[in-house]
There are 2 protein chains.
Amino acid sequence: MELKPHTHSLQPIARDTLQERVYLRIRQALIHSEFKPGQVLTIRELAQKLGTSIMPVREALQKLTVERVLELLPTRSVRVPVLSAEEFAEICEARMLLEGHMARLAAERADAAELERIEEASRAFLSAKVPSPPTVIQQRNREFHFAIYEAAHQPTMLELIEPLWVRCGPCTVALFVDLGVEKIKRGATTHHQQALDAIRAHRPAAAEEAIIADIRATSERYQKYRREHAEFFASARHPLA
Amino acid sequence: MELKPHTHSLQPIARDTLQERVYLRIRQALIHSEFKPGQVLTIRELAQKLGTSIMPVREALQKLTVERVLELLPTRSVRVPVLSAEEFAEICEARMLLEGHMARLAAERADAAELERIEEASRAFLSAKVPSPPTVIQQRNREFHFAIYEAAHQPTMLELIEPLWVRCGPCTVALFVDLGVEKIKRGATTHHQQALDAIRAHRPAAAEEAIIADIRATSERYQKYRREHAEFFASARHPLA
DNA sequence: TATCAGTACTTGTGATCACAATACCGTCCC
DNA sequence: GGGACGGTATTGTGATCACAAGTACTGATA
């Protein structure tokens with residue numbers, strides 16, 4: 001605290017725990033679909049792969065389980081959830097309520113800098129090459145949405161939304177792979193454009209509507225996807241019957 | 001599974017882990033305000049009081065921290081949060097959005113049995129003796145609200161609401177103690193009655209309005225309470241400055 | 001008397017061990 | 001050939017230990 005402003009040579013160094021790094025690494029792997037829906041994750045295997053003891057891993061897995069990103073099996077092992085059509089729809093219901101509200105607030109409150117950030121994220125999404133890996137599209141899409149939600153200045157609600165995205169992550173990416181990235185991207189572009197226009201024009205109702213439409217489209221795509229691959233999911237659904 | 005329906009002699013026995021029991025015990029203690037806002041909880045002390053090793057306790061505390069029921073200090077100890085007026089208001093914002101929506105759904109969907117459960121919970125709240133411990137009023141109030149939300153049939157959203165209540169718990173009970181139970185109860189009764197009437201008459205908008213009004217009243221009471229005790233909270237707020 | 005160094009103690013993190021429950025797999029018998 | 005049985009490996013839970021970082025108390029000194 002005695003340091004003068006210009007002496008930025010000694011800033012506090014990172015002091016994150018091993019557990020935290022393990023947590024973030026697994027979380028990212030889930031978002032990037034490095035684990036398949038239904039896959040069981042064991043503590044010792046992950047610990048070996050990550051080069052740590054089992055302690056940080058078991059705490060990281062518990063953290064992800066509390067956030068409902070991972071699912072607790074009756075054996076107390078954890079696995080990547082295979083969301084049923086109903087579960088996915090329910091999460092989307094919650095997302096529509098929360099994210100629609102956040103979009104509304106963003107349209108009311110966004111200042112110039114925040115608007116610029118949103119537009120930048122939108123450009124990044126649009127400029128993604130069409131034959132991109134699904135995780136890239138997913139990432140850009142995520143950044144666009146959260147640029148909006150951060151402009152709502154409601155950190156508590158933002159923290160509620162985050163885990164919902166991670167929970168949808170593995171199944172959404174699986175969906176992307178199956179349907180093809182270009183179709184997904186084309187669908188989202190319209191809603192993104194509408195949302196951006198609404199926020200720019202400070203029209204809260206229109207912004208909420210656009211975001212809700214975007215989420216609803218995802219939800220309906222997943223319903224269709226599940227119906228068409230019912231037999232595949234039937235096997236992954238109950239590995240313990 | 002081969003057992004006949006009438007042989008209820010051998011049902012599956014409880015197989016919860018020690019960690020789970022510890023978690024529930026601490027959680028209940030928080031709801032019942034056995035810990036004060038700002039109090040630091042240490043692993044070893046709790047372990048000794050509960051008669052276990054430190055392992056179950058440290059996992060239970062982490063669980064509560066992930067749920068934001070407890071707060072992580074820079075030293076990585078945890079403490080019962082002292083919610084600032086702004087933080088409390090933000091949680092209430094989220095609660096109004098989510099719980100208002102659930103009340104709306106309940107008014108649309110509640111069947112006779114669910115309506116009966118709500119009315120029962122309402123009676124229990126009203127019949128609570130006025131000089132009751134604050135935790136009893138809090139408990140009855142909670143049961144009334146959740147009887148409504150369960151009738152909405154949205155388990156995912158219900159899981160989002162639950163931690164918000166636990167987070168408010170310690171500060172709300174402190175508020176009850178300070179303001180007096182009868183004043184709180186009198187204020188809530190009106191809103192409860194309005195909510196119940198609206199659900200019974202299947203009027204979603206009115207139900208949402210009543211629940212939002214109830215939460216807003218709590219929020220405003222806390223604002224007032226904080227302003228009047230600013231000097232007390234100033235000390236508890238930054239125990240590490 | 002106020003300040004600072006030094007020490008003992010507290011606390012969370014991470015590793016390792018012990019154990020019970022479960023899952024897996026080969027074998028044997030019908 | 002197929003299903004039941006039994007042994008082995010795997011897995012999560014809980015306890016204990018080792019350690020580094022931080023805190024508080026103590027005593028000496030200016």
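Analyst: What follows goes from the residues near each DNA strand to the arrangement of the chains. This is a predicted model, in which local features need pLDDT of at least 70, side-chain atom pairs count only at pLDDT 80 or more, and totals for chains, interfaces and linings use all residues. Residues are numbered from 1 along each chain as its sequence is written, while chains are lettered from A and ligands numbered from 1 in the order in which they are written.

DNA strand C is surrounded by 17 residues, where a residue is near a molecule or strand if its C-beta atom, placed from the backbone, lies within 6 Å of it. The closest of these are Thr17(A), Leu18(A), Gln19(A), Ser53(A) and Arg76(B). Two or more residues each come from helix H1 (18-31) and helix H3 (54-66) of chain A and from helix H2 (43-50) of chain B; helices here are DSSP runs of H or I with at least four residues, strands are runs of E with at least two, and both are numbered from the N terminus. By class, this surface near DNA strand C holds 6 nonpolar, 7 polar and 4 charged residues, with Ala, Val, Leu, Ile, Met, Phe, Trp, Tyr, Cys and Pro counted as nonpolar, Asp, Glu, Lys and Arg as charged, and the others, Gly among them, as polar.

Around DNA strand D there are 16 residues, and the closest are Ile43(A), Arg76(A), Thr17(B), Leu18(B) and Ser53(B). The elements that contribute two or more residues to the surface near DNA strand D are helix H2 (43-50) of chain A, together with helix H1 (18-31) and helix H3 (54-66) of chain B. That surface divides into 5 nonpolar, 7 polar and 4 charged residues.

Between the chains, 16 residues of chain A are in contact with 16 residues of chain B, contact being taken as C-beta atoms, placed from the backbone, within 7 Å. On the side of chain A that touches chain B, H3, helix H4 (85-109) and helix H7 (155-179) of chain A each supply at least two residues, and H4(A) gives the most, with 6 residues.

Conventions:
Two residues are in contact if their C-beta atoms, placed from the backbone, lie within 7 Å.
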